[in-house]
Amino acid sequence: MLKKTVRPSSRPMAQAGRTIRSSVMAGTSITAAARNRQAARTAAPVMANYRGLNPQQIAFCKQIEANCRREGRSITAATNTTNIAAKPDFLQLMPLFVQKLLVLDVFGSVAMKSRQQIVPYFKYTTENAKGETAANTILSSPMVNRQGLDPNFTGRLVKNEVITTATGSFTTGNLVYLPLLPNTVTVQYSLSGTVTTLTDDGNGTLLTSAGASAGTINYVTGAVTLSSSISLSAGDFVRATYEYDNETVGPNPDGKYGAQMGKTQLILDEINLVAKAHELATYWSGYAAFAAQQEYGANLNDMAKEAAFGEIIAEINTSCFNDLKVAASYVPSFNWDASPVISGSVVPHDYINMFKLKLDQAASAVYQATNLARPNKLIVGTLVSTYIKQLDGFKGDRLDDTVGPFKLGNIDNQFDVYVDPAYDPIEWVMCCKSSDIRRNSALFGEYMPLTETTPIVLADQTVQQGYATMYASEVVNPKSVVSGKIVGTF
């Protein structure tokens with residue numbers, strides 16, 4: 001989570017090129033509290049301090065600043081509460097506005113140069129089928145890595161090549177990779193779940209397990225012929241495993257030269273992020289503003305801004321976390337049953353720590369599916385959070401000023417844990433966040449920072465002010481998002 005902290009001020013931002021910006025630190029939005037002091041109008045420009053940020057976060061912050069300079073107009077934003085008057089007798093009248101932009105802690109960040117940001121990437125795929133690997137299989141992409149999962153794709157062994165799965169009568173089919181090496185061919189056919197295996201005797205004859213002739217194999221053309229036809233139903237198949245001469249350059253039966261081999265290709269694809277507008281208009285009475293200032297020392301303009309920005313940020317957090325929940329694959333086997341604790345049949349402390357085993361199983365399953373990413377973020381319901389706080393290795397964050405979704409803490413320096421009250425209380429969702437954009441479950445791009453308009457006071461003492469932002473979010477790797485539940489709870 002990124003935050004820019006500044007001293008409170010109600011003065012507008014200085015013009016582009018004459019802005020003094022404060023340090024960017026871990027906290028709320030990168031653009032939070034982006035105000036300027038009047039002195040900036042005459043002071044020399046000072047570059048923002050990006051120490052402590054990774055290259056991805058620095059690029060994100062610089063792009064937002066560039067967008068503001070290009071806009072060429074006053075833009076202010078705030079999500080901290082230091083500029084709200086803290087007069088004790090006024091606190092009881094103040095609603096809870098505090099919100100933090102947590103999505104940047106969970107989603108990968110993209111510096112949006114325009115409202116529509118194209119994130120291009122290449123997919124490395126197979127062009128043709130070979131053995132167990134089908135054509136157009138993704139071997140590698142920013143979202144998944146399947147390289148090496150078929151260790152035979154580049155070699156002379158062709159494993160489980162499907163000859164046919166069509167229903168009906170079958171007698172003859174053809175193998176793809178030629179010429180075949182004698183004494184290496186195994187043909188299998190499945191009829192209603194019963195698998196029959198035929199082996200090559202090295203002389204072109206296919207033999208049953210009892211040694212009887214059941215068909216022939218042509219090493220040059222790859223023709224597989226059974227002595228008697230078989231009838232295939234839905235779910236049945238005929239397939240073969242064999243070796244071929246992958247060094248011979250031809251000619252093949254069609255008269256073409258060149259060794260047969262698995263082929264691959266690079267395909268350009270893209271992620272299309274489109275920023276959408278989110279805005280609010282707030283109204284209040286000039287009389288109320290005067291009374292608040294005179295009697296309580298409170299600035300109603302600042303309070304309205306805190307409330308409006310708090311609402312927008314809360315919606316961003318809730319909406320993005322919900323996108324993860326929708327994209328997550330719910331796996332019941334990752335559920336943890338708390339009923340033994342309720343019944344008293346186990347030692348509560350020891351058994352509760354078994355919940356970490358379920359989390360590790362889920363993280364391992366994601367890595368198994370992607371071979372690229374291992375989850376490190378947890379978004380949980382309120383009841384799940386009560387169990388997590390009992391786990392060994394859990395370290396809690398400060399929970400001051402928490403409204404809406406908030407960061408709960410960390411488990412074993414492995415999972416950062418966030419609580420979302422909009423989740424089912426017994427539900428949890430696991431995802432990946434990385435400074436490497438390829439290993440993120442989801443991406444977030446802020447095009448227009450949190451922005452306020454100048455307050456307008458009408459003749460009837462009505463004051464109105466607008467607040468807006470534009471952002472884009474996208475779950476780009478659903479395979480890296482998984483969910484489970486705690487069942488049998490109190």
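Which residue in β11 is the bridge partner of threonine 205? The structure considered here is a predicted model, in which local features need pLDDT of at least 70 and side-chain atom pairs count only at pLDDT 80 or more, while totals for chains, interfaces and linings use all residues. Residues are numbered from 1 along each chain as its sequence is written, and side-chain values use heavy atoms, with hydrogens and water left out.

Threonine 205 has threonine 216 as its bridge partner in β11. Strands are DSSP runs of E of at least two residues, numbered from the N terminus, and two strands are taken to pair if DSSP finds at least two bridges between them. Strand β10 (residues 205-207) and strand β11 (residues 213-217) run antiparallel and are joined by three bridges. The two form a hairpin with five residues between them, and glycine 211 in the turn has a positive phi of about 90 degrees.

Strand β11 also pairs with strand β12 (residues 223-232), in the antiparallel sense and over three bridges, with isoleucine 217 standing opposite valine 224 in β12. Five residues lie between the strands in the hairpin of β11 and β12, where glycine 222 takes a positive phi near 80 degrees.

An open sheet of three strands, with antiparallel pairing, has the order β5-β4-β14. Its edge strands, each pairing on one side only, are β5 (138-140) and β14 (264-274). Neighbouring strands of this sheet are turned by 50 degrees against each other on average, direction ignored, where axes are lines fitted to C-alpha atoms (for helices over the stretch in contact) and angles run from 0 to 180 degrees between N-to-C directions. Strand β4 (residues 116-126) pairs with β5 over two bridges in the antiparallel sense, and tyrosine 124 has serine 140 as its bridge partner in β5.

Methods. Helices (H or I, at least four residues) and strands (E, at least two) are DSSP runs, numbered from the N terminus.
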